[in-house]
Amino acid sequence: MEGSNQIVSEPRRLIEHNGDIYACDHFVYPEYRLGNLHDTDLIALAASPFLQTFGQDKLEGLSPGCHACRYLSLCFGGCPKDRFAQIKGRDVPQNYLCASYRHYFEHTAPAMQRMAQLIWQGRSPAEIMPPRNGGAEAGPQRHPAKPG
Ligand code: SF4
């Protein structure tokens with residue numbers, strides 16, 4: 001499987017170069033193959049019990065730590081494929097990347113909140129960036145004349 005041969009369709013289905021359809025681009029395994037474009041009704045497929053269960057598993061597989069997490073609405077436990085970190089005393093594994101996710105959300109939250117404020121004010125979120133050239137007027141770069 002190579003990325004250049006894939007088309008990712010919304011919501012989160014994957015179609016391989018040969019027309020095979022999978023539930024998700026992170027689950028391209030035989031047991032997650034849903035059919036092939038040439039012989040599968042896509043409307044019926046979207047409502048298939050398999051896909052309903054696949055989506056529901058993402059919710060039901062959340063760890064207790066995720067349920068209590070302040071970033072749940074942003075992260076939602078991450079990809080189920082990465083939920084394999086065993087935590088002592090807990091039956092449900094945690095996402096292997098949890099510490100990184102938390103670090104990312106903590107680091108970016110102030111900037112995200114500031115950009116949201118700007119949008120609510122009808123302004124561009126790009127205003128969060130420092131002015132170019134330390135506030136000097138933007139324009140073409142001027143180079144000193146070469147000594148003659
Ligand atoms: S940051 Fe960690 S605990 Fe919070 S929702 Fe994501 S995986 Fe779960």
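Me: What pattern does the protein chain follow, read along the sequence?
Reply: The order is β-β-β-β-α-α-α-α-α, made up of 5 helices and 4 strands. Helices here are DSSP runs of H or I with at least four residues, strands are runs of E with at least two, and both are numbered from the N terminus. Residue numbers start from 1 along each chain as its sequence is written. The model is predicted: local features need pLDDT of at least 70 and side-chain atom pairs count only at pLDDT 80 or more, while totals for chains, interfaces and linings use all residues.

Me: What surrounds the ligand?
Reply: The residues are Gly65, Cys66, Cys69, Tyr71, Leu72, Cys75, Gly77, Gly78, Asn95, Cys98, Tyr101 and Arg102. A residue is near the molecule if its C-beta atom, placed from the backbone, lies within 6 Å of it. At least two residues of this shell come from each of α3 (64-67), α4 (72-75) and α5 (98-120).

Me: Which helix gives the most to the shell around the ligand?
Reply: That is α5, with 3 residues.

Me: What is the shell around the ligand by class?
Reply: There are 7 nonpolar, 4 polar and 1 charged residues. Ala, Val, Leu, Ile, Met, Phe, Trp, Tyr, Cys and Pro count as nonpolar, Asp, Glu, Lys and Arg as charged, and the others, Gly among them, as polar.

Me: Why is Cys98 called buried?
Reply: A residue is buried if 20 or more other C-beta atoms, placed from the backbone, lie within 10 Å of its own, exposed if 12 or fewer do, and partly exposed in between. Cys98 has 21 such atoms, so Cys98 is buried. Cys98 lies in helix α5, and its C-alpha atom is 9.8 Å from that of Gly65, 33 residues apart in sequence.

Me: Why does Met112 count as partly exposed?
Reply: Met112 has 14 C-beta neighbours inside 10 Å, so Met112 falls in the partly exposed range. Met112 also sits in helix α5.

Me: What makes α5 hardly covered?
Reply: Of its 23 residues, the count of buried ones is 1. Over the 148 residues of the protein chain, 6% count as buried.

Me: Where in α5 is there a kink?
Reply: The kink lies at Ala109, shortly before the proline Pro110, and is about 45°. The bend at a residue is the angle between axes fitted to the seven residues ending there and the seven starting there.

Me: Why does the span of helix α2 agree with its 12 residues?
Reply: The expected span is 1.5 Å times one less than the number of residues. For α2 (residues 49-60) that should be 16 Å, and the end C-alpha atoms are 16 Å apart, so the two agree. The count of buried residues in α2 is 0.

Me: Why does Leu59 count as exposed?
Reply: Leu59 has 9 C-beta neighbours inside 10 Å, so Leu59 is exposed. Leu59 lies in helix α2.

Me: What is the phi of Phe76?
Reply: The phi is near 50°, a positive value in a residue other than glycine. Most residues other than glycine have a negative phi. Phe76 lies in the loop between α4 and α5.
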